[in-house]
Amino acid sequence: MMHPQPDPASGAPDLDRGRHRFAVTAYFEDTDMTGVVYHANYLRYMERARSDMLRGLGIDQRAQHSAGEGYWAVADIAIRYLRPARLHDALTVESRIVRVRAAACVMQQTITCNGAVLTDATVTAAWLDAGGRPQRQPRDWAARFEALRAAADTET
């Protein structure tokens with residue numbers, strides 16, 4: 001199903017049917033000398049989308065970290081590059097949670113341009129304590145992630 005490009009200027013996260021959509025434009029600084037988006041920038045786009053999704057769910061990462069209660073870190077990522085993004089392309093990063101664990105969430109993230117899949121990744125983000133060891137994520141966060149996962153499952 002094709003969805004309209006989210007409006008990045010609105011400042012409002014787009015959470016629809018258990019999926020988060022985040023708009024990105026490929027700027028000159030993102031590309032190599034041929035105008036193709038450099039491979040590492042797809043990871044940056046995905047990171048921005050994950051942060052925006054958390055903000056949209058009412059999760060304040062900075063407050064948790066400042067209080068010494070923990071932080072998110074990517075523990076694993078498997079990424080496939082299928083087609084290149086180019087200078088000035090309007091991209092959409094779609095994120096959905098596929099599994100919620102006590103100390104981690106597994107997400108599927110896809111970057112598209114005009115409905116064509118350019119890149120997809122499976123990302124595991126772990127919740128770590130101040131010392132960098134895995135710990136249970138806050139229960140209310142896990143409940144929000146589970147609700148988002150369940151909503152996405154009803155759409156597939």
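**Figure 1. Overview of the predicted model and its order of elements.** A helix here is a DSSP run of H or I with at least four residues, a strand is a DSSP run of E with at least two, and both are numbered from the N terminus. The structure shown is a predicted model, and the protein in it has three helices and six strands. Read from the N terminus on, these elements follow the order β-β-α-α-β-β-β-β-α. Of the 156 residues of the protein, 40% count as buried, while the accessible surface comes to about 8600 Å², with 51% of it belonging to carbon and sulfur atoms. Among the contacts in the protein with a separation of 6 or more, 65% are made by residues 24 or more positions apart.

**Figure 2. Helix α1 and the residue that follows its end.** Helix α1 covers residues 39–56. Its 18 residues, at 1.5 Å a residue, should span 26 Å, and this agrees with the 27 Å found between its end C-alpha atoms. The buried residues of α1 are N41, Y42, Y45, M46, A49, R50, D52, M53 and L54. In an α-helix there are 3.6 residues a turn, so residues three or four places apart point the same way. Just after α1, the backbone at G58 takes a positive phi of about 80 degrees.

Figure 3. R55 and D52 form a salt bridge, with their closest N and O atoms 2.5 Å apart. Because the two residues are three places apart in helix α1, about one helical turn separates them.

Figure 4. By the distance rule used here, the count comes to eight salt bridges. One of them joins R19 to E94, whose closest N and O atoms are 3.3 Å apart. This pair links distant parts of the chain, since R19 lies in strand β2 (residues 19–25) and E94 in strand β4 (residues 90–101), 75 residues apart. R19 is buried, with a relative accessible area of 13%, while E94 counts as partly exposed at 23%. Another salt bridge is formed by D120 and R80, with the closest N and O atoms 2.8 Å apart. D120 belongs to strand β6 (residues 116–128) and R80 to strand β3 (residues 71–81), so the pair ties together parts that are 40 residues apart in sequence. The relative accessible area of D120 is 14%, which makes it buried, and that of R80 is 47%, which makes it partly exposed. Through salt bridges that share partners, R19, R21 and E94 are joined into one network.

**Figure 5. Strand β6 and its two pairing partners.** Strand β6 is mostly covered, as 11 of its 13 residues are buried. It pairs with β3 in the antiparallel sense over 10 bridges, and in that part of the structure A78 stands opposite T122 of β6. Strands β5 and β6 also run antiparallel and are joined by 10 bridges, with Q109 having A121 in β6 as its bridge partner. What lies between β5 and β6? The two strands form a hairpin with two residues between them, and N114 in the turn has a positive phi of about 55 degrees.

Figure 6. In soluble globular proteins, nonpolar side chains tend to be buried together. The largest nonpolar core in this model has 16 residues, and those with the most contacts inside it are V24, V37, Y45, A85, L91, V93 and I111. At least two residues of this core come from each of β2, α1, β4, β5 (104–113) and β6. Which element supplies the largest share of this core? It is α1, with four residues. A second, separate core has 13 residues, including L57, I59, M107 and F145.

Figure 7. Q64 has its place in helix α2, which covers residues 61–66. Is Q64 buried or exposed? Q64 counts as buried, because its relative accessibility of 16% is under 20%. When its neighbours within four places in sequence are left aside, Q64 is in contact with E69, G70, W127, P138 and W141.

How values were computed:
Residues numbered from 1 in each chain as written. Predicted model: local features only at pLDDT ≥ 70, side-chain atom pairs only at ≥ 80, totals over all residues. Heavy atoms only, no water. Salt bridge = Lys/Arg side-chain N within 4 Å of Asp/Glu carboxyl O. Buried < 20%, exposed > 50% of the residue type's maximum accessible area, 1.4 Å probe, protein only. Core = buried A, V, L, I, M, F, W, Y, C linked by side-chain atoms within 4.5 Å. Expected span 1.5 Å × (residues − 1). Pairing = 2+ DSSP bridges. Contact = heavy atoms within 4.5 Å. Areas by Shrake-Rupley, 256 points an atom, 1.4 Å probe, with all protein chains shown as cover.
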